[in-house]
Amino acid sequence: MLQKKKEREQKQNRRFRIHERIEIGHCLFLLREFLLSSLSVSESSKLSCRQMHVQASLEAKTWLFPGMGNSDARRKPFFIGKAIMVASVVALCIIFVKQPSFFKGTSQFSHHETGVTHVLVTGGAGYIGSHAALRLLKDSYRVTIVDNLSRGNLGAVKVLQELFPEPGRLQFIYADLGDGKAVSYSQNAFDAVMHFAAVAYVGESTLEPLRYYHNITSNTLTVLEAMAAHGVKTLIYSSTCATYGEPEKMPITEATPQAPINPYGKAKKMAEDIILDFSRRSGMAVMILRYFNVIGSDPKGRLGEAPRPELREHGRISGACFDAALGIIPGLKVRGTDYKTVDGTCIRDYIDVTDLVDAHVKALAKARPKTVGIYNVGTGKGRSVKEFVEACKKATGVQIKVEYLDRRPGDYAEVYSDPSKINRELNWTAQYTDLQQSLQIAWRWQKLHRNGYGGPRLSLIS
């Protein structure tokens, strides 16, 4: 009896080990295929990565079904060695994706070229960053997107790659800004940085303040250090009206005192202060754009807003309206009806994303060494949340159910801009000022992309 019991246990152990090893091999295969199919990597890098996987697969055949008579003591170190080999292959494949230029020699991205401006777009897989990258590419800039995809969408990068497949136009680096080496400043000849990358939800910032200070303030410091070390002299910084807090007077001008009331605004102001202090001695060309509430999407329907599902409760009101219209959520929740405004709801300045990226591109064109420009980017007109909801109902054609709740922590009653300075100095004026029209454009994209850009998110394995 004891002998039979021992044989059954040994048989079960063998099955478990086989299943475990098959799972490791399968995960390696899926990861390799996903990395190679999703990102634009050179053919030589793809071939090398595939060769490594083929070699790993051949060896796997020898260890997926080892001799059944071997003892546990002999198999254990053998299995550990193979597991280390698998991990090494995965790591090498990721390195090929993140640093393709290292393996394929000098690329067009690694040297400066007369008449071509190479812009590093941080957070370029996100909502605003991807629209900015699209505009830059359309205007013949050379673009490198860096994004860790924690909030961005790989699908947006793939759309841009399909629109601009020519060599030397666009490259994507999967990296975290907190790791200056991973961004590959030394392997790329950047002429300017457009710094969008940031977590950006007021409500979430009150729940996770340390995350916001690290992600916004600390990462901006890392970007500046890398720029200084590699001679990148132009910075376009994407800031926010949240740095003003809740001013006593409206509209907000660039001279309005900054007194942020939530961690998001405070982290952005700290980042601004660091940039300004550094620029005084570095001779950098700096443009800081403080923009208001962003809506809309690409008028041609190529890009849109696709936040992670778990962040919907913190997201923009436009996203919540569309989710309600699509039936993804039962209705729209409006937080705060007792503010000292005309109808009791918050008043905001809604700026279309197409106008916003136009302001960034014009700021880049006007940036000059040893000069700092600070600009509000808005329409100059405030709209209440109730007005917004009515416009969204008309844009979608859906009678969205609305539930009114208590105020959200960290929110302010009324914020809208005075854009006269940017009108005057950058010759910029908002063009998409019809709220309902902007929402209609965004709604068309949302209807066609109920699951966002679709496909897997690399962030799930980061």
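This is a predicted model: local features need pLDDT of at least 70, side-chain atom pairs count only at pLDDT 80 or more; totals for chains, interfaces and linings use all residues.
Colleague: Okay, and what about Cys321, buried or exposed?
Modeller: Use the cut-off again: under 20% is buried. Cys321 sits at 0% relative accessibility, so the label for Cys321 is buried.

Colleague: How many disulfides does the whole structure have?
Modeller: A disulfide needs two cysteine sulfur atoms within 2.5 Å. Searching the whole structure for such pairs gives a count of zero.

Colleague: Which cysteine has the sulfur nearest to that of Cys321, then?
Modeller: Cys321 takes part in no disulfide. The cut-off for one is 2.5 Å, and the nearest cysteine sulfur is 3.4 Å away. That sulfur belongs to Cys392.

Colleague: Let's look at the helix around Cys321. How many residues of H10 are buried?
Modeller: H10 covers residues 317-326 and is mostly covered. Ser318, Cys321, Phe322 and Leu326 are among its buried residues.

Colleague: Which residue follows H10, and what is its phi?
Modeller: Next comes Gly327, with a positive phi, near 85°.

Colleague: Now for holes. What volume does the largest cavity have?
Modeller: The whole structure holds three cavities of 30 Å³ or more. For the largest cavity, the volume is about 60 Å³.

Colleague: Which elements give two or more residues to the lining of the largest cavity?
Modeller: The lining includes Ser318, Gly319 and Phe322, along with Leu439, Ala442 and Gln446. The elements giving two or more residues are H10 and H14.

Colleague: How many of the lining residues are charged?
Modeller: The lining divides into five nonpolar residues, six polar and some charged. Glu305 is in that lining, and Glu counts as charged. The charged count is one.

Colleague: Last one: which residues of the largest nonpolar core touch the most other members?
Modeller: That core has 50 residues. Val143, for instance, touches residues including Phe109, Leu136 and Leu170. The residues touching the most other members are Leu136, Val143 and Val377.

Key: Residues are numbered from 1 along each chain as its sequence is written. Side-chain values use heavy atoms; hydrogens and water are left out. Buried means under 20% relative accessible area, exposed over 50%, partly exposed in between (1.4 Å probe, protein chains only). Helices (H or I, at least four residues) and strands (E, at least two) are DSSP runs, numbered from the N terminus. A nonpolar core is a set of buried Ala, Val, Leu, Ile, Met, Phe, Trp, Tyr and Cys residues joined through side-chain atoms within 4.5 Å. Contact means heavy atoms within 4.5 Å. On a 1 Å grid over the protein atoms alone, a cavity is a set of points where a 1.4 Å probe fits but cannot get out, and a pocket is an open set with protein on both sides within 12 Å along at least five of seven lines; lining residues have an atom within 4 Å of a point. Grid points are joined across faces, edges and corners, and a volume is the space filled by probe spheres set on the points. Lists of a residue's contacts leave out its neighbours within four places in sequence.
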